[in-house]
Amino acid sequence: MAFPFVCKAYTPDQFPALQAYLDGLSFNLFRPKFIVVHNTAPPTLADYAVWQKRGSPSDEQWGRNLEAFYKSKWSGGPHFVATPRGAVVLNPPNAPGVHTPSWNRVSWGVETVGDFETDAFEGPIADNLIALLAVLHHAAGINPTPFVLGRSGLHFHKEDHATTHQTCPGRHMDKVNLTSRVIAAMGKLRGADPHAEPHPPAPVAPAAPQKAAAPVAAPKAAIVSAPRAPPPKPAARAFDWFFDLFGTG
Ligand SMILES: [Zn+2]
């Protein structure tokens with residue numbers, strides 16, 4: 001059951017509480033393999049700025065409005081919305097949502113306030129989406145890379161060939177840039193948690209040969225480090241495919 005929605009809002013300085021909330025959930029029935037990023041459009045960032053100026057609706061009230069909207073149409077909705085004020089949890093994170101035709105059973109849907117075909121992706125909304133995505137990947141034990149369509153890595157809605165939202169989340173959101181900023185934010189999260197297991201494993205540089213006698217030592221080092229190195233081939237292929245289709249924007 002994807003209803004009722006959670007409708008709980010967090011400001012960026014409350015994201016550790018969001019992390020704690022996610023850590024306390026049981027993911028026996030549904031666990032995301034990757035995250036799909038969307039834009040809300042509507043509202044655009046300008047629409048949202050008017051709400052903010054008026055002080056209403058609060059993100060939680062907006063969540064309840066969205067719940068009524070989704071409930072009248074579908075069996076669920078997106079799991080999270082990044083907003084200029086922080087983030088809102090909608091669809092229960094441990095139940096499948098409804099946000100993209102092909103991947104509802106395997107992904108979390110994350111909406112982002114704005115229309116990034118026209119809105120610039122910068123300022124608080126960019127900071128909050130990146131911080132939210134870092135928390136979510138960390139909580140689910142998944143990574144923004146490698147990108148393999150329908151299987152792993154950070155996805156954009158428009159990459160779902162079955163969707164009619166062929167620009168979502170918009171050309172001003174650059175996936176390569178977003179991915180690297182999320183990975184950097186995940187590194188900071190791990191740095192703040194002394195008990196955290198590092199994931200992904202840090203790539204291990206092959207040991208440099210030390211002396212003339214090194215021909216024996218070098219292959220040994222390569223064998224030791226090989227299992228810990230991320231598989232570069234599929235990732236590179238997937239991103240080439242992405243560039244072919246969408247360019248860098
Ligand atoms: Zn979308």
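Pro42 lies in the loop between strand 2 and helix 2 (45-54), where helices (H or I, at least four residues) and strands (E, at least two) are DSSP runs, numbered from the N terminus. A cis peptide bond joins Ala41 and Pro42, with omega at about 0°. The model is predicted: local features need pLDDT of at least 70, side-chain atom pairs count only at pLDDT 80 or more, and totals for chains, interfaces and linings use all residues. Residues are numbered from 1 along each chain as its sequence is written.

**Backbone geometry**

- A cis peptide bond also runs from Ser56 to Pro57, with omega near -5°.
- Pro57 is placed in the loop between helix 2 and helix 3 (59-71).
- Cys7, in the segment before strand 1, has a positive phi of about 50° although it is not a glycine.
- Cys7 counts as partly exposed because it has 17 C-beta neighbours inside 10 Å. A residue is buried if 20 or more other C-beta atoms lie within 10 Å of its own, exposed if 12 or fewer, and partly exposed in between, with C-beta atoms placed from the backbone.

**Overall architecture**

- The protein has seven helices and six strands, and along the sequence they follow the pattern β-α-β-α-α-β-β-β-α-β-α-α-α.
- Of the 249 residues in the protein, 36% are buried.
- Among contacts with a separation of 6 or more, 75% come from residues 24 or more positions apart. Two residues are in contact if their C-beta atoms, placed from the backbone, lie within 7 Å.

- Six strands form an open sheet with the order 1-4-3-5-2-6 and mixed pairing. Two strands pair if DSSP finds at least two bridges between them.
- Strand 1 (8-10) and strand 6 (155-156) are the edge strands, each pairing on one side only.
- Strand 3 (residues 80-83) runs parallel to strand 5 (residues 107-112), and three bridges join them. Ala82 has Thr112 as its bridge partner in strand 5, and Phe80 stands opposite Val110 in strand 5.
- Strand 2 is likewise parallel to strand 5, to which six bridges join it. The bridge partner of Val37 in strand 5 is Val110.
- Strand 5 is mostly covered, with six of its six residues buried.
- In a regular strand the side chains alternate between the two faces of the sheet. In strand 5, Ser107, Gly109 and Glu111 on one side and Trp108, Val110 and Thr112 on the other are all buried, and both faces are covered.

**The nonpolar core**

- The largest nonpolar core has 45 residues, and those with the most contacts inside it are Ile35, Phe80, Ala82, Val110, Leu132 and Leu133. Helix 4 (residues 123-140) gives the most to this core, with eleven residues.
- Such a core is a set of buried Ala, Val, Leu, Ile, Met, Phe, Trp, Tyr and Cys residues joined through C-beta atoms within 7 Å.
- Leu133 touches Ile35, Val110 and Val182, not counting residues up to four places away in sequence.

**Packing of helix 4**

- Helix 4 lies across strand 2 (34-39), strand 3, strand 4 (86-89) and strand 5, and runs at about 145° to strand 3. Axes are lines fitted to C-alpha atoms, for helices over the stretch in contact, and angles run from 0 to 180 degrees between N-to-C directions.
- Helix 4 and helix 5 (residues 175-192) pack at an angle of about 65°, and their axes are 8 Å apart.
- On the helix 4 side, Ile130, Ala131, Leu133, Ala134, Val135, His137 and His138 meet Arg181, Val182, Ala185, Met186 and Leu189 of helix 5. By class, this contact has nine nonpolar, two polar and one charged residues. Ala, Val, Leu, Ile, Met, Phe, Trp, Tyr, Cys and Pro count as nonpolar, Asp, Glu, Lys and Arg as charged, and the others, Gly among them, as polar.

- Phe121 lies in the loop between strand 5 and helix 4, and counts as buried because 20 other C-beta atoms are within 10 Å.
- Leaving aside neighbours within four places in sequence, Phe121 is in contact with Phe116, Ala126, His172 and Met173.
- Phe121 and Asp174 are 53 residues apart in sequence, and their C-alpha atoms are 8.7 Å apart in space.
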